[in-house]
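Subject: Handover of a structure with a summary of findings

Dear colleague,

Please find below the structure that I am handing over to you.

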Amino acid sequence: MLSPDDIAKLLARVALSDRQAFNMLYEHTSAKLFGVTLRLLRNKTDAEDALQDVYVKIWHQAGKYAASDASAMSWLITVARNHAIDRLRQGKGRGQQESLEEAGDITDDRVNPEMSAVAGSERRRIDHCFERLDAEKSKAVKEAYLEGYSYKELAEKNEVPLNTMRTWLRRSLMKLKECLEE
Amino acid sequence: MPTGERDDDALAAEYVLGVLDQEERESVEIRIRTEAAFAVLVRDWEHRLSDLNSEFEEIPPPASVKAGVESKLFSSEDSYPGFAEEGGFWNRLGFWRGFAALAVVAVIVLSSLLVQQTDEQVAGVTYVAALSSGETDAEFVVLYEAETASLKVTQTGGVKPTGKDYELWFIDGDGPAISIGLVDGEGVKAPFIPDHLKGQYKEGLSLAVSLEPTGGSPTGVATGPVIAIGKAKKI
């Protein structure tokens with residue numbers, strides 16, 4: 001397992017078109033980024049296809065990482081998430097509306113208590129802030145981030161008008177921000 | 001925080017969360033690129049929500065994904081190291097169209113010139129090949145007279161870099177490239193077709209010139225970039 005610093009160094013070398021560094025970066029980060037594209041797109045073929053595009057982007061945009069002050073891994077995950085979300089919004093993935101509920105069930109099964117506990121130890125700060133939100137609003141924010149749901153999809157799932165959903169989420173996000181800045 | 005800023009902050013949060021539709025995402029992306037203050041709001045939200053990243057599991061992708069990435073990024077370089085170029089030199093249709101047209105014209109013009117010059121020698125079947133790449137300005141014409149097995153190589157374009165030699169290669173179908181000597185070479189390095197290859201010198205045979213260290217490839221296979229290539233044509 002590479003340290004965050006090692007990944008940042010690899011990214012700097014990739015920015016200089018170092019293929020060996022790119023191979024190492026792929027070896028150490030592709031499982032995490034595949035986890036991202038697979039969770040958001042929920043279709044193996046789409047997720048594999050998206051992951052290829054993500055690494056092509058990383059090769060070409062590695063120089064941009066230097067300009068951000070994010071951790072290297074967060075930057076890579078942002079590239080993967082943004083690409084997967086763009087695919088979803090462009091209708092290239094998760095095309096059938098009927099598969100949404102099915103896929104939702106799979107996700108609920110996957111977040112078992114044991115896994116939550118492991119993940120929780122790493123992100124206590126944000127968990128504590130999520131606990132201050134109403135359960136359904138907390139769930140909506142997490143689902144949007146982790147599953148890639150749009151306002152439209154969230155409104156349908158929660159059976160509320162789109163504008164209500166928008167107001168809910170905006171308020172919840174601002175509460176989260178206040179809590180995180182305490 | 002004034003209302004406008006608060007709205008921008010909420011918009012940045014919505015963008016990072018991923019809930020906006022495509023049109024809204026695109027307009028936000030333009031603002032990220034053009035408004036530094038707005039880009040900072042987005043970056044701060046990316047940082048805030050990044051704590052959730054630990055919920056993404058690690059799932060190793062199949063090996064085919066890496067192969068696909070490599071073919072998208074590097075396939076042109078791997079197949080022809082001499083022509084490493086973004087966009088895939090060997091895949092560019094324009095190149096092949098231009099090259100084919102150029103080659104045909106070159107063969108017709110140059111062969112007629114050379115045939116006139118060597119009219120007395122050309123008794124039996126004669127082959128001509130115009131070698132070029134479109135990528136470098138090096139061009140050669142190779143004339144081969146089957147009856148006497150005489151080979152004549154003339155450089156018609158480009159200048160040889162100092163400390164390098166041009167080496168001529170004979171490529172029959174999918175077979176390995178066989179060195180047939182140095183262009184401008186003397187003695188044993190002079191280009192000639194060995195007896196066992198004479199029967200293989202035929203229409204469609206490929207000839208190529210590579211750039212090699214002085215004295216030619218030390219290994220017997222082309223080590224430098226191929227700078228010109230062409231096919232033999234019966235005239």
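A salt bridge is counted here when a side-chain nitrogen of Lys or Arg lies within 4 Å of a carboxyl oxygen of Asp or Glu. By this rule, the count over all chains comes to 26 salt bridges. Please bear in mind that the model is predicted.

One of these pairs lies within chain A: the side chains of Arg42(A) and Glu147(A) meet in a salt bridge, with 3.1 Å from N to O. Arg42(A) sits in the loop between helix 2 (19–41) and helix 3 (44–65) of chain A, while Glu147(A) belongs to helix 8 (residues 135–147) of chain A, so the pair ties together parts that are 105 residues apart in sequence.

I turn next to the interface. The contact takes 58 residues from chain A and 48 residues from chain B. Between them, the two chains bury about 5,100 Å², and 58% of this area is on carbon and sulfur atoms. On the side of chain B, the residues that lose the most area to chain A are Leu17(B), Glu55(B) and Phe56(B), which together make up 15% of what that side buries.

The rule finds 8 salt bridges between chain B and chain A. Among them, Arg170(A) pairs with Glu14(B), and their closest N and O atoms are 3.0 Å apart.

The elements of chain B that give two or more residues to the side touching chain A are helix 1 (3–17), helix 2 (22–34), helix 3 (36–49) and helix 4 (63–79). Helix 4 of chain B gives the most, with 11 residues. By class, the residues on this side of chain B divide into 21 nonpolar, 20 charged and 7 polar.

Finally, what space is enclosed? The count comes to 1 cavity of 30 Å³ or more, and the largest cavity holds about 60 Å³ of space. Its lining consists of Thr78(A), Arg81(A), Asn82(A) and Tyr145(A), together with Tyr15(B), Val16(B) and Glu46(B). Helix 4 (72–89) of chain A and helix 1 of chain B each supply at least two residues of this lining, and the largest share, 3 residues, comes from helix 4 of chain A. The lining has 3 nonpolar, 2 polar and 2 charged residues.

With kind regards

Terms used. Residues numbered from 1 in each chain as written. Chains lettered and ligands numbered in written order. Predicted model: local features only at pLDDT ≥ 70, side-chain atom pairs only at ≥ 80, totals over all residues. Heavy atoms only, no water. Contact = heavy atoms within 4.5 Å. Buried area = accessible area lost by both parts, 1.4 Å probe. Helix = DSSP H or I, 4+ residues; strand = E, 2+ residues; numbered from the N terminus. Nonpolar A, V, L, I, M, F, W, Y, C, P; charged D, E, K, R; others polar. 1 Å grid on protein atoms, 1.4 Å probe; cavity = no way out; pocket = protein on both sides within 12 Å on 5 of 7 lines; lining within 4 Å. Points joined across faces, edges and corners; volume = space filled by probe spheres on them.
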